Amino acid sequence: MSLRIVPALALITSFVILLLPATAWMIKSPPIEVDFTDITENAGIKFKHVSSPEKKYIVESMSGGVALFDYDNDGYLDIYFVNSLTVDLVKSKQKTRSALYHNNGDGMFTDVTDKAGIGDIGWGMGVTIGDYNNDGFDDIYVTCLGPNHLLRNNGNGTFTDVTQNARVGDPRWSTGAAFVDYDNDGKLDLFVSNYVDFDVNNLPEFGKGRTCQFKGIPVQCCWKKRLKCRLLLRTPTSLSVPVI
Ligand SMILES: [Ca+2]
Ligand SMILES: [Ca+2]
Ligand SMILES: [Ca+2]
């Protein structure tokens, strides 16, 4: 009997001894403290994202894309903020302004949107960055409710909207997107995530109808059907063609 217990006790003892240093280390380690300070205003960033506080429609609770990328290749990350709209603003034909901030390298940023020419992109949602034409300068693709935008970086602080020529202006409601070279041919392709069918010019009255209430209680107006996503292949002729 004792011959069978002793090896077992020895094994357990060894296991406990092995655990002790790790356990002791875990107990002694102080918690990691992470402290962030909001320096947005002091850094010169004054961008305000527009949204409807009531959020009566599902589209009003989304948007807010932002990209940090070095558009001028000076070694400092710059910031592009995607702005939104509201149903009321659309009805009154008002616009909002997305913004590109240049990182000055000294902790301050400068609004260079007007020079860049990328402030007016409609009802923006998300943004993805990639050098789709391999010229060494990162380009921007913005998803929108309405046509998306491919903004080619000209390398001189300005951008050109090449959406139409590239055939990537999906007119539906797109939310996310990603540049990816899915076939490893050295040319970035584009994946666009579409959301749901939503016609801002043909909306139900808030609180009424099947999609705007739940058990008689007014709720955020929902959608009628989901949309398909798209994968756009970059071709040798610089045009993109849908592959799904
Ligand atoms: Ca930069
Ligand atoms: Ca480029
Ligand atoms: Ca490719």
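View 1. Strands here are DSSP runs (E, at least two residues), as helices are (H or I, at least four residues), and both are numbered from the N terminus. Two strands count as paired if DSSP finds at least two bridges between them.

A word on reading the labels: the model is predicted, so local features need pLDDT of at least 70 and side-chain atom pairs count only at pLDDT 80 or more, while totals for chains, interfaces and linings use all residues. Residues are numbered from 1 along each chain as its sequence is written, and chains are lettered from A and ligands numbered from 1 in the order in which they are written.

**View 2. Strands β2 and β3 side by side.** Look for β2 (residues 78-81) and β3 (residues 99-103), an antiparallel pair joined by 3 bridges. Which residue of β3 is the bridge partner of Y80? It is L100.

**View 3. Strand β6, enclosed by the rest of the structure.** Strand β6 (residues 139-145) is largely enclosed because 7 of its 7 residues are buried. Buried means that 20 or more other C-beta atoms lie within 10 Å of a residue's own; with 12 or fewer a residue is exposed, and in between it is partly exposed (C-beta atoms are placed from the backbone). D139, Y141, T143 and L145 point one way from β6, while I140, V142 and C144 point the other way.

**View 4. The partners of β6.** Strand β5 (residues 123-130) runs antiparallel to β6 and is joined to it by 6 bridges, with I129 standing opposite I140. Strand β7 (residues 149-153) is also antiparallel to β6, through 3 bridges; here V142 has H149 as its bridge partner. The hairpin formed by β6 and β7 has 3 residues between the strands, and G146 in the turn has a positive phi of about 110 degrees.

**View 5. E41 in its loop.** You will find E41 in the loop between α1 (2-28) and β1. Is E41 buried or exposed? E41 is exposed, because 8 other C-beta atoms lie within 10 Å. From C-alpha to C-alpha, E41 and M108 are 9.6 Å apart in space, yet 67 residues apart in sequence.
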